[in-house]
Amino acid sequence: QVQLVESGGGSVQAGGPLRLSCAGSGYTLSRHCMGWFRQVPGKEREGVASIDSDDTTTYADSAKGRFTIPKDNAKNTLYLQMNNLKPEDTAMYYCAAADGGSLFCRRLRAGGMDYWGKGTLVTISS
């Protein structure tokens, strides 16, 4: 009954902003470590950003200074605000939640996440 549904993906030009949303149901997102991950064909899924229940955030080096991971607890929704997008940001983006401990979530390890959305595609053109 736990569902994570991403939205907001699309095609944008390099340098532009885009905000992704992750709506949760049957699960209170603020009580868990949450993260955004991305994947391109032929490559391993990589962590982009995470935010724990105490609001501690972690960003991948590729995201630092460009992306933020805010959330709206009242709406039970997680966001990924992406700015100054680059062609290498093109990927399928997934929202994920850690059911138990948050150690691996804080380290942006996909294997530590327990629930996943189906993804939303982001394409950046130059």
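Two strands count as paired if DSSP finds at least two bridges between them. Strands (E, at least two residues) and helices (H or I, at least four) are DSSP runs, numbered from the N terminus. With that in hand, Glu 6 has Cys 22 in E3 as its bridge partner.

What you're looking at is a predicted model, where local features need pLDDT of at least 70 and side-chain atom pairs count only at pLDDT 80 or more, while totals for chains, interfaces and linings use all residues. Residues are numbered from 1 along each chain as its sequence is written, and side-chain values use heavy atoms, with hydrogens and water left out.

**Strands around E3**

- Strand E3 covers residues 18-25 and runs antiparallel to strand E1 (residues 3-7), with five bridges joining the two.
- E3 also runs antiparallel to strand E9 (residues 77-82), this time with six bridges.

- Is Ser 21 buried or exposed? Ser 21 is buried, because its relative accessible area is 16% (buried means under 20%, exposed over 50%, partly exposed in between, using a 1.4 Å probe and protein chains only).
- Leaving out neighbours within four places in sequence, Ser 21 is in contact (heavy atoms within 4.5 Å) with Val 5, Glu 6, Ser 7, Trp 36, Thr 77, Leu 78 and Tyr 79.
- Arg 19 sits in strand E3 too, but Arg 19 is partly exposed, with a relative accessible area of 47%.
- Not counting residues up to four places away in sequence, Arg 19 touches Ser 7, Gly 8, Tyr 79, Leu 80 and Gln 81.
- Arg 19 and Met 82 are 63 residues apart in sequence, yet their C-alpha atoms are 5.9 Å apart in space.

**The nonpolar cores**

- A nonpolar core here is a set of buried Ala, Val, Leu, Ile, Met, Phe, Trp, Tyr and Cys residues joined through side-chain atoms within 4.5 Å.
- The largest one has 25 residues, and those with the most contacts inside it are Trp 36, Leu 78, Leu 80, Met 82 and Tyr 93.
- At least two residues of this core come from each of E3, E4 (33-39), E5 (46-51), E9, E10 (91-98) and E12 (120-125).
- E10 gives the most to this core, with four residues.
- A second, separate core has six residues, including Cys 33, Phe 37, Ala 98 and Met 113.

**The disulfides**

- A disulfide is a covalent bond between the sulfur atoms of two cysteines; the search counts a pair of cysteine sulfur atoms within 2.5 Å.
- How many disulfides does a search of the whole structure find? There are two.
- One is formed by Cys 22 and Cys 95, with sulfur atoms 2.0 Å apart.
- Cys 22 is in strand E3 and Cys 95 in strand E10, so this pair ties together parts that are 73 residues apart in sequence.
- That link is left-handed, with -70° about the S-S bond, and both Cys 22 and Cys 95 are buried.
- Another disulfide joins Cys 33 to Cys 105, at 2.1 Å from S to S.
- Here distant parts of the chain are linked: Cys 33 is in strand E4 and Cys 105 in helix H1 (residues 103-106), 72 residues apart.
- The link of Cys 33 and Cys 105 is left-handed, with -80° about the S-S bond, and both cysteines are buried.
- With the bonded cysteines numbered in sequence order, the pairing reads 1-3, 2-4.
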